[in-house]
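Here is a structure for us to read together, one feature at a time. Take a look, and then we can start with some questions.

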Amino acid sequence: MKTLYATLLLTCLSAISHDGIAQSANSAYDSTLAKKLNADEYGMKKYVMVFLKTGSATNVPKSRSDSAFAGHMQNINRLAETGKLVVAGPFFKNDKYRGIFILNADSIEEGRKLVETDPAVQAKLLDMDLLMWYGSAALSETLEIHKKIEKKTH
């Protein structure tokens with residue numbers, strides 16, 4: 001009897017999951033845009049999320065630090081122009097983390113190579129933690145929108 005109830009329960013749950021909560025096609029779906037953004041069927045893709053944190057170099061002369069951070073900003077712009085940097089920004093003051101990058105990269109290794117081009121990382125003023133992340137493929141459109149709302153540039 002218990003087997004019969006278990007079978008009926010599983011059959012009902014299966015029917016609900018296939019019929020009652022069935023996935024449906026999105027009428028707003030744009031296959032051309034999805035392909036351009038490398039989106040999967042859910043409109044998502046892989047990224048590398050980078051948490052920039054205070055590096056090990058602590059007694060660096062101000063002129064060297066200023067130069068490295070000027071290069072850091074140039075590198076951010078270069079990565080954005082090549083489509084590798086999707087999102088970047090500093091964190092508000094805290095004890096450890098300085099900023100975040102979301103990179104259009106398929107692996108931690110690729111992400112690390114991209115971040116290692118940063119002069120502030122090379123000078124050990126910044127260090128990094130990298131994680132794979134699954135997010136909306138539409139994020140890569142963010143920088144184009146940002147250009148339209150940015151009143152001042154760096």
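**Reading the model step by step**

Q: Which classes of residue make up the lining of the largest pocket?
A: By class, that lining holds 14 nonpolar, 10 polar and five charged residues. Here Ala, Val, Leu, Ile, Met, Phe, Trp, Tyr, Cys and Pro count as nonpolar, Asp, Glu, Lys and Arg as charged, and the others, Gly among them, as polar. Before going on, please note that this is a predicted model: local features need pLDDT of at least 70, side-chain atom pairs count only at pLDDT 80 or more, and totals for chains, interfaces and linings use all residues. Residues are numbered from 1 along each chain as its sequence is written, and side-chain values use heavy atoms, with hydrogens and water left out.

Q: How much space lies in the largest pocket, and which residues are the closest to its centre?
A: On a 1 Å grid over the protein atoms alone, a pocket is an open set of points where a 1.4 Å probe fits, with protein on both sides within 12 Å along at least five of seven lines; lining residues have an atom within 4 Å of a point. Grid points are joined across faces, edges and corners, and the volume is the space filled by probe spheres set on the points. The largest pocket here has about 930 Å³ of space. Of its 29 lining residues, Ile 76, Asn 77, Leu 85, Ala 88 and Leu 143 are the closest to the centre. Helix α3 gives the most to the lining, with seven residues.

Q: What elements does the chain have?
A: Helices (H or I, at least four residues) and strands (E, at least two) are DSSP runs, numbered from the N terminus. This chain has six helices and four strands, in the order α-α-β-α-β-β-α-α-β-α from the N terminus on.

Q: Is Ser 65 buried or exposed?
A: Buried means under 20% relative accessible area, exposed over 50%, and partly exposed in between (1.4 Å probe, protein chains only). With a relative accessible area of 17%, Ser 65 is buried. Its place is in helix α3 (residues 62–81). Across the chain, buried residues make up 26% of the 154 residues.

Q: Where does Asp 127 sit, and which residues is it in contact with?
A: Contact means heavy atoms within 4.5 Å. Asp 127 is in strand β4 and is partly exposed, with a relative accessible area of 38%. Leaving aside neighbours within four places in sequence, Asp 127 is in contact with Phe 51, Leu 52, Lys 53, Thr 54 and Gly 55.

Q: Which residues touch the most other members of the largest nonpolar core?
A: A nonpolar core is a set of buried Ala, Val, Leu, Ile, Met, Phe, Trp, Tyr and Cys residues joined through side-chain atoms within 4.5 Å. The largest one has 20 residues, and Val 50, Leu 52, Phe 101, Leu 103, Val 115 and Met 128 touch the most other members. A second, separate core of eight residues includes Leu 37, Ile 100, Ala 137 and Leu 139.

Q: Why do the buried residues of α4 line one face of the helix?
A: The arc to look at is that of the directions from the helix axis to the C-beta atoms. In α4, the buried residues are Gly 111, Leu 114 and Val 115. Seen down the axis, these fall within an arc of 95°, so they line one face of the helix. Glu 109 and Lys 113, on the other side of α4, are exposed. What covers the buried residues of α4 includes β1, α3, β3, α5 and β4.
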